[in-house]
Amino acid sequence: LPGNPPVQTKKALKQRFLKLLPCCRPKSIPSLSESKTVLASAALSSPGFLADSVEDEFELSTVCHRPEGLDQLQEQTKFTRKELQVLYRGFKNECPSGIVNEENFKQIYSQFFPQGDSSTYASFLFNAFDTDHDGSVSFEDFVSGLSTILRGTIDDRLNWAFNLYDLNKDGCITKEEMLDIMKSIYDMMGKYTYPAMREEAPREHVENFFQKMDRNKDGVVTIEEFLESCQKDENIMRSMQLFDSVI
Amino acid sequence: MAAGVAAWLPFARAAAIGWMPVANCPMPLAPTEKNKRQDELIILNVSGRRFQTWRTTLERYPDTLLGSTEKEFFFNEDTKEYFFDRDPEVFRCILNFYRTGKLHYPRYECISAYDEELAFYGILPEIIGDCCYEEYKDRKRENAERLMDDNDSENNQEGSMPSLSFRQTMWRAFENPHTSTLALVFYYVTGFFIAVSVITNVVETVPCGTVPGNKELPCGERYAVAFFCLDTACVMIFTVEYLLRLFAAPSRYRFIRSVMSIIDVVAIMPYYIGLVMTNNEDVSGAFVTLRVFRVFRIFKFSRHSQGLRILGYTLKSCASELGFLLFSLTMAIIIFATVMFYAEKGSSASKFTSIPASFWYTIVTMTTLGYGDMVPKTIAGKIFGSICSLSGVLVIALPVPVIVSNFSRIYHQNQRADKRRAQKKARLARIRVAKTGSSNAYLHSKRNGLLNEALELTGSTEEEQHMTKGTSLIESQHHHLLHCLEKTTGLSYLVDDPLLSVRASTIKNHEFIDEQMFEQNCMESSMQNYPSSRSPSLSSHHGLTTSCCSRRNKKTTHLPNSSVPATRLRSMQELSTIHIQCSEQPSLTTSRSSLNMKSDDGLRPNCKAAQITTAIISIPTPPALTPEGESRPTPGSPGHSTNIPTTTTTTTANIVKVSAL
């Protein structure tokens, strides 16, 4: 109606309604029992009309997550105190809210690969880091993943890699999963490569991989097959040692 | 790669674990980190305010001062911090740039100060973030315009000094009437004649008096001869003016194409065409039309009025808005005219005979004039007519504020430019005084140096202390440098201020004397650099006495009156002649006539109590302002100016003058 400010949208009305019902709280708070979660804007009942829809989004985005204490993290991971401090500072700089969601993760990762498209691989990584599968990577997840890769034994590392490849986390890698991974890796190179990437390159690479890894030729690679084959491969063993000097 | 993400590089490297098992060939060796040091805090002390940050934060941008080894030059070993003697406020923004990767421009900061700081720290302004970039560019453009303005006006003023050709002086006179009285006179005369011409045109058509036959004649026809004479006179003046401008214009082609000259031509053409054309019946109609163009003379007033010029400039700069206004009006007129025509077609004896005829109604209605000569009679016509008038208000009201704001902006800009020009004059005067002060300081100190040597001869030491105090180490080193240059080239510096040199020259001509003991010590064996006609030398020419003195001081007539502002005092006092005189000094006088005063101190060269004073050549030195310990100046020896050339060589004045030059 002319002269009156616009009324709140239907969606906002519905959300306000739902908030009153305890069972239907919006799942904006990550269920991290051990961590302290603070709602930056605690106002559930907002005064103005217009403010509502904006504030709802606001509430979601200002969820602030604080990690456990430094001592606990020190116990859980193999990093020293100073290293944890440096890691956290870098983490917090990019993600002031304390957690990374997939979008953010992809964006950060893509800054290292300007030429190609690293979003698929980044999402695989995200799933690998997000151990409790709640859609966000907190600092604990981040640091525990890094601890395994950078400070763990070779077996730990191989395990972690297997976990990465196993997209549906069912304990074995199928050819399709491997193909997806391979394609995402090749995507990161981008279009301008020498020699130019052929269409069948990922598939060939997957075949190669399975030939090497799949002992019983049943079309899937289990964790034991994977570990066994990797330990026999000189190159892989040597490359695993690269990670000792990253931090 | 953004700097902040560099912290995530270890993560990216760790994530490469996914490629290892599938790689076919061995991986390259990883780079080792030599002397891997722990990240440490760096203290940056900027003018006393301490900032601290991690070393790695600064190293994110290695091609800036703080990110490279260049900062080691500022490292203070004692306090173990990096000290920068710069503005701490701006440094805040700079450090934030390292931290966040975004450079912001604070609004309260002066644009040139900010630019300087950026240049110092080696940061390109292009990195300024989007949020602040527009503001930065705007301010920068404003500043550049202002500088250009200043340069222009400076050029205008500086042009006065070198001699211009006759043509150039004329052009300047035309463009800036305030440069000379002749130009001003010309300006007002042309203005007057424009007014006369316009009034004539107007009055010509007024009916005055009747002629037998009951016919009212306009004045133009009644006093035809008088008006013709007036017109002729005006046109003469305009023609002469135009031809003179054409002659003086630096680029005639450009001048001919300029708007003002076109107006001039159009203003005087009708008269000449009228002369040429005969009193033929056929062409007289056309001739009458031509006389309309005479009204263009009124536009010649725009040379005399800046406001008019601004208005014209505004209209030109708002061309797009005006165009839009016109376009939308035309659209609306056509629409409404059509509608009204068809609405009123039915009614009998309707004035809306055709669509073009309805145009008149639409225009009159939309501009809310409403003459009432055409009025809709049908109901539909009335409805559409009211809609037409309502929409007219809207369509016209919309572009007008844009034009108004443009005009206001340009007008204020012009006012600001004028104000700046006025302020600039005062500023330049002060700057000039400061400059001459510094160059005179050099001469002053040189003299002091000479004096010191002389004092050693005379043996009085307390004067020495008077002389040497007051110059800082930097000053004395600078003066020593200039002195070395003088010795190298064999030339010496002159006082740069024409005013001072003029004054000095009057003295100089009366000076000379005999150098006596100073000759050996203080003689500048260098050749004197004879000055241009503008600044006659202050030099005392030891061996060149005759030639110097033979030069008449032509500038005596130009001596400014002796009321010199206090700011010039110090510079005046530093004029380079030194007087050694014995016993008392004559009292200071502040009149020009003192120049002619003969000092009546006898000169006793070997008198022990010789006091060395610096001469104050410019008389107006009120006693209160003499600097530390300098004795009262002697207006010096100048004898009577008229007799100088003849008497100089023979005059043994009481004062030994040694000029530092």
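UniProt positions are given here in the numbering of this structure, feature names are shortened, and annotations may be inferred rather than shown by experiment. In an unreviewed UniProt entry, the annotation "domain: EF-hand" covers residues 117-152, 153-188 and 201-236 of chain A.

The model is predicted: local features need pLDDT of at least 70, side-chain atom pairs count only at pLDDT 80 or more, and totals for chains, interfaces and linings use all residues. Residues are numbered from 1 along each chain as its sequence is written, chains are lettered from A and ligands numbered from 1 in written order, and side-chain values use heavy atoms, without hydrogens and water.

Helices (H or I, at least four residues) and strands (E, at least two) are DSSP runs, numbered from the N terminus. Residues 117-152 of chain A are 67% helix and 8% strand, with end C-alpha atoms 29 Å apart. Residues 201-236 of chain A are 72% helix and 8% strand, and their end C-alpha atoms lie 20 Å apart.

A salt bridge is a side-chain nitrogen of Lys or Arg within 4 Å of a carboxyl oxygen of Asp or Glu. The whole structure holds 25 salt bridges over all chains. One of them joins Arg50(B) and Glu81(B) at 3.0 Å, N to O. Arg50(B) lies in strand S2 and Glu81(B) in strand S4, so the pair ties together parts 31 residues apart in sequence. Glu81(B) is buried (under 20% relative accessible area; exposed is over 50%, partly exposed in between; 1.4 Å probe, protein chains only), at 5% relative accessibility.

Glu241(B) and Arg303(B) also form a salt bridge, at 3.8 Å, N to O. Both residues are buried. Salt bridges with shared partners join Glu241(B), Arg245(B), Asp264(B), Lys300(B) and Arg303(B) into one network.
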